[in-house]
Amino acid sequence: MKRKALRAAFPYTLPILTGFLFLGTAYGIYMRGLGFSFLYPMLMSLTIFAGSMEFVTASLLLGSFHPLQAFLLTLMVNARHLFYGVSMLEKFRGTGKKKWYLIFGMCDESFSVNCAAKIPEDVDPGWFMFFVTLLNHFYWFAGATLGGLVGGLIQVEIPGIDFVMTALFVVIFLEQWSSSRQHLPGLAGLAASAVCLTVLGPDHFILPAMAAIVGLLSLLRGRLEKEGQA
């Protein structure tokens with residue numbers, strides 16, 4: 001049963017393998033460029049497993065320790081997982097102890113596959129979702145560890161490697177913009193960020209901007225749902 005579920009899950013994760021190995025390697029090199037041991041990206045990819053937050057955590061580790069700020073920033077960056085979790089409650093029902101790992105390991109890509117995949121009738125859904133999550137987790141872990149090891153062998157500076165996190169968010173934004181007919185959420189995010197940056201400056205605008213984005217999207221939720229159904 002487990003082998004059959006693994007064979008069914010693996011093809012769905014192949015596109016994610018390519019992306020996670022590339023981004024994970026870039027993340028590992030980025031961490032080494034900041035002066036961290038390869039153990040940091042290896043262990044963080046294993047225990048945090050939240051790509052965008054792992055990039056953010058690198059800067060948090062280099063600054064002064066503000067636990068409340070770190071908590072709020074983590075909550076804002078990964079707030080979308082609250083909605084992911086609610087929508088997956090029914091699918092996770094009856095999966096037994098596997099549910100705890102499915103909750104921990106749920107990322108954007110695993111959510112997309114587990115939510116939309118057509119699971120063969122002779123494959124246990126719980127094991128299918130488990131292996132999708134496990135494989136994606138392993139891909140990211142392998143990429144980050146490889147990048148951490150390779151980064152230690154690179155003796156020359158790589159200009160722009162510290163821009164990789166910004167580039168990641170820009171690519172995600174552009175992909176969502178091009179794949180959706182509804183651009184109001186993106187415009188709301190840009191407007192809130194621009195206002196907070198102008199008023200508060202580059203050192204203090206991120207948390208207020210994220211809070212403002214969540215507030216705006218909550219207010220616009222009804223309109224967005226109506227236009228999405230039209």
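**Entry 1: helices H4 and H12**

A crossing of two helices is left-handed if the near helix is turned anticlockwise from the far one by less than a right angle, and right-handed if it is turned clockwise. I noted that first, then turned to H4 and H12, whose crossing is left-handed. The model I am reading is a predicted one.

I looked up which residues make this contact. From H4 they are Gln-69, Leu-72, Leu-73, Met-76 and Val-77. From H12 they are Ile-206, Leu-207, Met-210, Ala-211 and Val-214. I noted a general point beside the two lists: an α-helix has 3.6 residues a turn, so residues three or four places apart point the same way.

Next I took the geometry. H4 covers residues 67–77 and H12 covers residues 206–219. Their axes come within 10 Å and cross at roughly 40 degrees. Angles under 35 degrees would count as roughly parallel, and 65 to 115 as roughly perpendicular. H4 and H12 are therefore oblique to each other.

**Entry 2: Val-77**

I picked one residue from that contact. Val-77 lies in helix H4. Is Val-77 buried or exposed? I read 10% relative accessibility for Val-77, which counts as buried. The cut-off for buried is under 20%.

**Entry 3: the whole chain**

I stepped back to the fold. The protein chain has 13 helices and 0 strands. Its pattern along the sequence is α-α-α-α-α-α-α-α-α-α-α-α-α. Of its 230 residues, 35% are buried.

I then asked what share of the contacts with a separation of 6 or more comes from residues 24 or more positions apart. The share is 75%.

**Entry 4: H2 against H9**

H2 spans residues 39–47 and H9 spans residues 125–153. Their axes come within 8 Å and cross at roughly 170 degrees. That makes H2 roughly antiparallel to H9, because the cut-off is over 145 degrees.

On the H2 side I listed Pro-41, Met-42, Ser-45 and Leu-46. They meet His-137, Trp-140, Phe-141, Ala-144, Thr-145 and Gly-148 of H9.

Which residues of H2 are buried? I found Pro-41, Met-42, Met-44 and Ser-45. The cover over the buried residues of H2 includes H1, H3 and H9. After H2 comes Phe-49, with a positive phi near 45 degrees.

**Entry 5: His-137**

His-137 is in helix H9. Its relative accessible area is 6%, so I logged His-137 as buried. Neighbours within four places in sequence aside, His-137 is in contact with Ser-45, Leu-46, Phe-49, Tyr-101 and Phe-104. Ser-45 and Leu-46 also stand in the H2 list above. Phe-49 is the residue with positive phi that follows H2.

**Entry 6: aromatic rings**

I searched for ring pairs with centres within 6.5 Å. The count by this rule is 12 aromatic pairs. One of them is Tyr-27 with Phe-55, at 5.1 Å centre to centre and 70 degrees between the planes. I put the pair down as edge-to-face, because the angle exceeds the cut-off of 60 degrees. Tyr-27 belongs to helix H1 (residues 2–33) and Phe-55 to helix H3 (residues 51–62), so the pair ties together parts that are 28 residues apart in sequence.

I checked burial for both. Tyr-27 has a relative accessible area of 0% and is buried. Phe-55 is also at 0% and counts as buried.

Ring pairs also build a cluster of Phe-20, Tyr-27, Tyr-30, Phe-55 and Trp-140. Trp-140 is also one of the H9 residues that meet H2.

**Entry 7: Tyr-30**

I took a further cluster member. Tyr-30 is in helix H1. It counts as buried, at 8% relative accessibility. Tyr-30 and Gly-148 are 118 residues apart in sequence, with 8.1 Å between their C-alpha atoms.

**Entry 8: charges over rings**

Last, I looked for charges over rings. Lys-98 lies over the face of Trp-127, 4.4 Å from the ring centre. Lys-99 has its charged end over the ring of Trp-100, at 5.3 Å from the centre.

Technical notes
Residues are numbered from 1 along each chain as its sequence is written. This is a predicted model: local features need pLDDT of at least 70, side-chain atom pairs count only at pLDDT 80 or more; totals for chains, interfaces and linings use all residues. Side-chain values use heavy atoms; hydrogens and water are left out. Rings of Phe, Tyr and Trp (its six-membered ring) pair if their centres lie within 6.5 Å; planes under 30 degrees apart count as stacked, over 60 as edge-to-face and the rest as tilted. Helices (H or I, at least four residues) and strands (E, at least two) are DSSP runs, numbered from the N terminus. Buried means under 20% relative accessible area, exposed over 50%, partly exposed in between (1.4 Å probe, protein chains only). A charge sits over a ring if NZ of Lys or CZ of Arg is within 6 Å of the ring centre and within 35 degrees of the ring normal. Axes are lines fitted to C-alpha atoms, for helices over the stretch in contact, and angles run from 0 to 180 degrees between N-to-C directions. Contact means heavy atoms within 4.5 Å.
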